[in-house]
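This report describes a protein model through its contacts, its cores, its surface and its charged pairs. Please keep the sequence and the structure in view while reading.

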Amino acid sequence: MCDIASLSDRHPVIFSGRGIIVQNGIATGKAFIVRNDKDLNRFPNGSILVAKKTSPRYAKVACKASGIITDVGSATGHMATIAREFRIPTVVNTHMATALLTTGQEITLDAQENIVYEGRIQALCYYGFMEEAFEETYEYRLLRRILKKITPLNLVDPHARNFTPQACRSFHDITRFIHEKAVEELANLNYQHRWHDETASRKLALDIPLDLVVIDINNGLGETENESETDGHARVTRDQIRSVPMKAFLDGLCAPGVWSREPMSVDFSSFMSSLTRTFSSHVVNPQQVGQNLAVISENYANINLRLGYHFNLIDAYIGEQINDNYAYFRFMGGVTDPQRRSRRARLIYETLAQYDFNVDLRGDLVIGRIKKLDARWMAKKMVLLGRLVGFTRQLDVKMTSDAQVGAFAREFKKQLKMDQPIKGG
């Protein structure tokens with residue numbers, strides 16, 4: 001008989017009570033930190049997968065993993081469904097697993113009591129776990145057959161060529177496809193001009209030189225009486241912003257020292273490069289030119305910024321229901337040559353990845369996504385995005401060598417430490 005009370009005497013507790021149990025069970029083995037797809041390709045059989053965030057890509061090692069622990073994640077996400085389908089003991093949203101565990105470290109994951117122990121506790125594996133008689137019934141076997149049409153996820157990568165309606169093989173695939181396309185539509189809301197024509201636009205007064213127009217579609221602004229007029233727009237201040245994601249984004253963008261006012265000198269090659277991308281607003285669509293515009297409600301913000309020759313798009317929802325919360329970030333362009341633009345893009349990519357975003361990098365295009373965090377943490381991520389937009393605004397001009405990517409990344413991280421932490425547990 002396993003003496004549960006004495007386990008901690010012989011096997012120290014690494015952490016307990018952190019995160020959400022997705023699938024009950026006990027797992028023992030060596031921890032293996034997964035940071036990218038290369039790590040997945042060399043994932044050892046029987047190891048416990050430890051990662052910063054959940055991902056449906058972990059399905060490729062589901063038959064090898066004895067357990068899963070993540071820093072960030074939801075019990076209703078795609079990976080959680082996979083864990084339950086394969087009955088892999090899983091705990092998500094611990095906010096500390098990758099900081100406390102190392103690859104090769106032998107641990108025991110108790111996903112019954114939500115405890116991670118140092119070392120292997122084989123006796124715990126046999127304590128109190130018996131197959132339920134229900135699993136032998138006709139009803140259970142019928143449900144298993146039905147689930148094969150519901151839960152398997154085949155559409156893992158939204159950028160893959162087979163990410164199409166025709167490739168859907170389960171209800172999980174259909175839900176995944178609809179979700180990705182819905183987020184894409186929301187991200188392009190500004191370009192499609194789907195707000196009401198009579199919705200009043202207001203110019204936002206800021207301490208930084210940013211010409212930003214705000215459209216309130218539902219309680220995104222507070223009291224707006226006695227507004228002054230600027231260029232045909234009523235004028236509002238930051239204090240009047242009620243939109244949760246917009247307010248957090250502005251807190252980061254307008255933080256002291258974030259928005260550089262230092263004049264930048266552009267070399268001749270960068271100047272000529274910019275001329276090749278000069279265009280008339282009369283011959284291109286809003287997606288290519290656009291104006292600085294934010295469409296907001298109390299819990300939603302769609303922010304489109306053209307800062308010089310680069311473009312930022314931030315689309316976010318932050319509310320009380322954790323499963324509804326998300327932030328989408330898109331960045332591209334610049335005034336300099338492709339090499340310098342790619343350096344800045346790499347800095348943005350590495351920063352977002354460090355702070356738990358799912359990120360794609362293609363040339364000078366960066367796309368980042370994060371979702372299913374509680375309102376407090378989502379607001380912190382929006383502050384991060386605001387600071388990142390302000391900090392990187394002119395960095396393509398400054399980045400004359402690859403070594404500066406790391407230097408500016410450290411400088412940005414140093415600035416973050418001066419404020420409340422963006423990442424934590």
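## Thr 392 and its surroundings

Apart from neighbours within four places in sequence, Thr 392 is in contact with Phe 331, Arg 344, Leu 347 and Ile 348, where contact means heavy atoms within 4.5 Å. Thr 392 is located in the loop that runs between H12 and helix H13 (395-398); helices (H or I, at least four residues) and strands (E, at least two) are DSSP runs, numbered from the N terminus. A polar atom of the Thr 392 side chain lies 2.7 Å from the backbone oxygen of Leu 388. With a relative accessibility of 1%, Thr 392 counts as buried, a class that means under 20% relative accessible area, while exposed means over 50% and partly exposed covers what is in between (1.4 Å probe, protein chains only).

## Basis of the model

The model is predicted, so that local features need pLDDT of at least 70 and side-chain atom pairs count only at pLDDT 80 or more, whereas totals for chains, interfaces and linings use all residues. Residues are numbered from 1 along each chain as its sequence is written, and side-chain values use heavy atoms, with hydrogens and water left out.

## Overall composition

The protein contains 14 helices and 18 strands, and 49% of its 425 residues count as buried. Among contacts between residues at least 6 apart in sequence, 60% join residues at least 24 apart. The accessible surface, computed by the Shrake-Rupley method with a 1.4 Å probe and, for residues, with only the protein chains shown as cover, comes to about 21300 Å², of which 51% belongs to carbon and sulfur atoms.

## Nonpolar cores

In soluble globular proteins, nonpolar side chains tend to be buried together. A nonpolar core is here a set of buried Ala, Val, Leu, Ile, Met, Phe, Trp, Tyr and Cys residues joined through side-chain atoms within 4.5 Å. The largest such core has 53 residues, and those with the most contacts inside it are Leu 210, Met 246, Phe 249, Leu 352 and Met 382. Helix H12 (residues 375-391) gives the most to this core, contributing eight residues. A second, separate core has 18 residues, among them Phe 32, Val 34, Ile 68 and Met 79.

A nonpolar patch on the surface is formed by Tyr 138, Leu 142, Leu 143, Ile 146, Leu 147, Ile 150, Phe 171, Ile 174 and Ile 178, which together have about 800 Å² of accessible area. Patches are made of residues with over 30% relative accessible area and no salt bridge, like charges being joined within 9 Å and nonpolar side chains (Val, Leu, Ile, Met, Phe, Trp, Tyr) within 5 Å. H6 and H7 each supply at least two residues of the nonpolar patch, and the largest share, five residues, comes from H6. Leu 142, which lies in helix H6, is partly exposed with a relative accessible area of 31%.

Thr 151 is found in the loop between helix H6 (138-147) and helix H7 (171-187) and is buried, with a relative accessible area of 16%. Leaving aside neighbours within four places in sequence, Thr 151 is in contact with Thr 81, Glu 85 and His 172. Asp 157 also has its place in the loop between H6 and H7, but is partly exposed at 27% relative accessible area. Not counting residues up to four places away in sequence, Asp 157 touches Arg 57 and Phe 163.

## Salt bridges

The structure holds nine salt bridges, each defined as a side-chain nitrogen of Lys or Arg within 4 Å of a carboxyl oxygen of Asp or Glu. In one of them Arg 176 pairs with Glu 180, the closest N and O atoms being 3.0 Å apart; both residues lie in helix H7, four residues apart, about one turn of the helix, and both are buried.

The side chains of Arg 238 and Asp 251 also meet in a salt bridge (2.7 Å, N to O). Arg 238 lies in the loop between strand S12 (233-237) and helix H9 (244-253) and Asp 251 in helix H9, so the pair ties together parts that are 13 residues apart in sequence. A further salt bridge joins the side chains of Asp 360 and Arg 369 (3.5 Å, N to O), in which Asp 360 is buried at 19% relative accessible area and Arg 369 is partly exposed at 22% relative accessibility.

Key:
Polar contact = N/O pair within 3.5 Å; in protein donor to acceptor, adjacent residues only side chain to side chain.
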